Amino acid sequence: MLDVSRHFIPKEDVKRHIDLLAFHKLNILHWHLTDDQGWRIEIKKYPKLTTVGGYRKKTIVGYMWDNPTEWNTKRYGGFYTQEDIKEVVAYAKKRFVEIIPEIEMPGHSVAALTAYPEYSCTGGPFEVEGRWGVFNDIYCTKESTFTFMQDILDEVVELFPSSYIHLGGDEAPRIRWKNCVHCQERMKQEHLTKEAELQTYFINRIENYLNTKGKKIIGWDEILEGGILQRATVMSWRGEKGGIHAAKAGYDVIMSPNIYMYFNCLQSKVNEKKIGNPNRVITLEKVYNYHPVPEVLSADEAKHIKGVQANLWTEYMSALDEMEYMLYPRVAALSEVAWSKKENKDYGRFCTRLESIRRHYDVLGVDYCKKISNE
């Protein structure tokens, strides 16, 4: 997963990521295109999503928990035109890489609500976030919001031939819904007893709409919190618990636990470039030794584990070379996690093979992390 909302990169850099995915025999790029800090995909019916929501007035300097907070007050942003999207999708297809877009809902939506505050619970005004974190303002569940989301998705599905659309669904505080007359009325209409169920209603309704377009949905594991979903695929990021629960309940699952597969965390305690999240070290060996099919699952339940994914959240990296430094060589380990049988894996043999991969990295000009020990 490539996050271009926190820090935008041009389409040529996205192509570079795709080339390196193909080199490692990875076949899916999950493209995180919208979030609180920027809306990155042109929607012709709602041009302000990019002209307003695609730019922020300031960006936090340093880590989000630093006190006092420092700011870079330079206007920052960017977006991909629909022609850019088509070009990147076609480029990926030639390299046998499928692109799955993510359009976040109902949370992580401040950039969109800055452009169109009428789809919030409070009416705004809002400002595209320059901080990282979780924010209380999310999409309202009034009828006009669903029209808005459906109009957006109408354009998205035409750009991406993938059978999946990722709807996000994570980190959506429900405090605004508790105090919103529209949302409380919606709960009465649908006989819902808690706001978590309202989120399930939201996701199910969008899923029904996308099903009419021939698309299936993926959501982060929070989409399970409000009760029974329909046919969604669950992406388990808060450890493995959500994925295990989903697989046992009969849902397809993609394992992406943050303790193994968050490549925005450091590869080594030696943080030479001062980038990435310093609160967790996920070494090359830890990535390699991860097995995405939990042993607690029966053989039938294990069939629902459809794959494994690593995520590159870009709060603390802004350029291609920084992203590559965080990704490689861990992506080589990810590839073996994805394709190798558990009984055939051996970290020592992998490290021997990695010497050849490193020579390729050098020729390709990949700015990879060379400190790969557990220190």
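1. Helices (H or I, at least four residues) and strands (E, at least two) are taken here as DSSP runs, numbered from the N terminus. The model is predicted, so local features need pLDDT of at least 70 and side-chain atom pairs count only at pLDDT 80 or more, while totals for chains, interfaces and linings use all residues. Residues are numbered from 1 along each chain as its sequence is written, and side-chain values use heavy atoms, with hydrogens and water left out.

2. The sheet is open and holds eight strands with parallel pairing, in the order β1-β2-β9-β10-β11-β12-β13-β16; two strands pair if DSSP finds at least two bridges between them. At its edges stand β1 (2-3) and β16 (305-308), each of which pairs on one side only.

3. Strand β9 (residues 98-105) runs parallel to strand β10 (residues 164-168), and two bridges join them. M105 has G168 in β10 as its bridge partner. The peptide bond from M105 to P106 is cis, with omega near -10°, and P106 sits in the loop between β9 and α4 (110-115).

4. A further cis peptide bond runs from N67 to P68, with omega near 5°. P68 belongs to the loop between β6 (59-61) and β7 (70-72). Most residues other than glycine have a negative phi, and most peptide bonds are trans.

5. F96, although not a glycine, has a positive phi of about 60°; its place is the loop between α3 (82-94) and β9. F96 counts as exposed because its relative accessibility is 72%, where buried means under 20% relative accessible area, exposed over 50% and partly exposed in between (1.4 Å probe, protein chains only).

6. H191 is likewise not a glycine and has a positive phi of about 60°. The loop between α7 (181-189) and α8 (195-212) contains H191, which counts as exposed at 71% relative accessibility.

7. A pocket is, on a 1 Å grid over the protein atoms alone, an open set of points where a 1.4 Å probe fits, with protein on both sides within 12 Å along at least five of seven lines; lining residues have an atom within 4 Å of a point. The largest pocket has about 880 Å³ of space, a volume being the space filled by probe spheres set on the points, which are joined across faces, edges and corners. Its lining has 36 residues, with N27, I28, G307, V308 and Q309 closest to the centre. α14 gives the most to this lining, with five residues.

8. The second largest pocket has a volume of about 510 Å³. Among its 25 lining residues, E171, Y262, N264, N277 and E315 lie nearest the centre. Strand β15 (residues 277-281) supplies the largest share of this lining, three residues.
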